[in-house]
Amino acid sequence: MRALLPALALLAAASAASAQTPAKDAVSPASEAKVGALSTSAPGTITLRGLNGETEVLTSAQLAALPHQTVTLSHEGKDTVYAGPTLSELLRDIGAPMGVKLHGQGVNDVVFVTAADQYRVVLTLAEVDPSFHKGAKVILADQADGKPLDPKEGPFRLVVDGDLKPARSARSVVEIDLKHLP
C-alpha cells in the first residue's frame, strides 16, 4: 500500500490540474449552466466504466431499486444518514475484481469518482472492497435522512464511512471510472 501512495498522489495531482473547480459558496445561474455542461452523463443518470471498457449507465430509478445500506456522515455538528447501494456492488457489475479476485496487480486498481463540476475523488479498489477493508462502507447515496437528495448534493453522492472530514464524499456524482495503475 505504501508503494501505491506516491502513484496515487501523482495521479490525483494530474486529475486535479485538469479539473475545473468552481467556487463552493455561491452558485450563480450562469455557473450552474456551466457545471451542467461539464457532465457527460444525462441528468439523473450515472455512468460506470470498468477496466476493460465495460460501461453501464444507471438511472435514478435503477439505483433506487438496488439494495441499500446506510452511512452516517457527521459534518459541522450535524449527523445525516445517507442510504444507497455499496460502491463495491456497483463496481462488481462492471467487472471489478472483488473479494478473492482482488490480489496482486488488482490492488493497484483505483476508482475515480467525478462530480458534475469535475470535482474528483480517488479511492483504491481495496478501500471499496469490504472483504479487503474491514468495517468501512462506501456507498453511492440517493437518499439523505430517508428522502431523495436535494439538487445541491444529488441525485447521487459518494459517502465514505469512517472519514473524519467529508472531502471524499463528493456531491452530484456523474461518473465512476475504474482504472489500473501501472
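Which residues does Val111 touch, not counting residues up to four places away in sequence? I looked this up before anything else. Val111 touches Leu87, Leu91, Val121, Val122, Leu123, Leu125, Val128, Ile176, Asp177 and Leu178, where contact means heavy atoms within 4.5 Å.

**Ground rules.** I am working with a predicted model, in which local features need pLDDT of at least 70, side-chain atom pairs count only at pLDDT 80 or more, and totals for chains, interfaces and linings use all residues. Residues are numbered from 1 along each chain as its sequence is written, and side-chain values use heavy atoms, with hydrogens and water left out.

**The core.** Next I checked the largest nonpolar core, which has 27 residues. I take such a core to be a set of buried Ala, Val, Leu, Ile, Met, Phe, Trp, Tyr and Cys residues joined through side-chain atoms within 4.5 Å. Buried means under 20% relative accessible area, exposed over 50%, and partly exposed in between (1.4 Å probe, protein chains only). Val111 is among the members that touch the most others, along with Leu87, Leu91, Leu123, Leu158, Val173 and Ile176. Among the elements that each supply at least two residues of this core are helix H4 (87–92), strand E5 (109–115) and strand E11 (173–180); helices (H or I, at least four residues) and strands (E, at least two) are DSSP runs, numbered from the N terminus. I also found a second, separate core of 8 residues, including Val71, Ile139, Leu149 and Val159.

**The sheet.** I then followed an open sheet of 5 strands, in the order E2-E1-E11-E5-E6 and with mixed pairing; two strands pair if DSSP finds at least two bridges between them. Strand E2 (55–59) and E6 stand at the edges with a single partner strand each, so one side of each has no neighbour in the sheet. E5 and E6 run antiparallel, joined by 5 bridges. Phe112 has Val122 in E6 as its bridge partner.

**Thr72.** Is Thr72 buried or partly exposed? It counts as partly exposed because its relative accessibility is 43%. I found Thr72 in strand E3 (residues 69–75). Thr72 touches Asp79, Thr80 and Val81, not counting residues up to four places away in sequence. Thr72 and Val160 lie 88 residues apart in sequence, and their C-alpha atoms are 9.3 Å apart in space.
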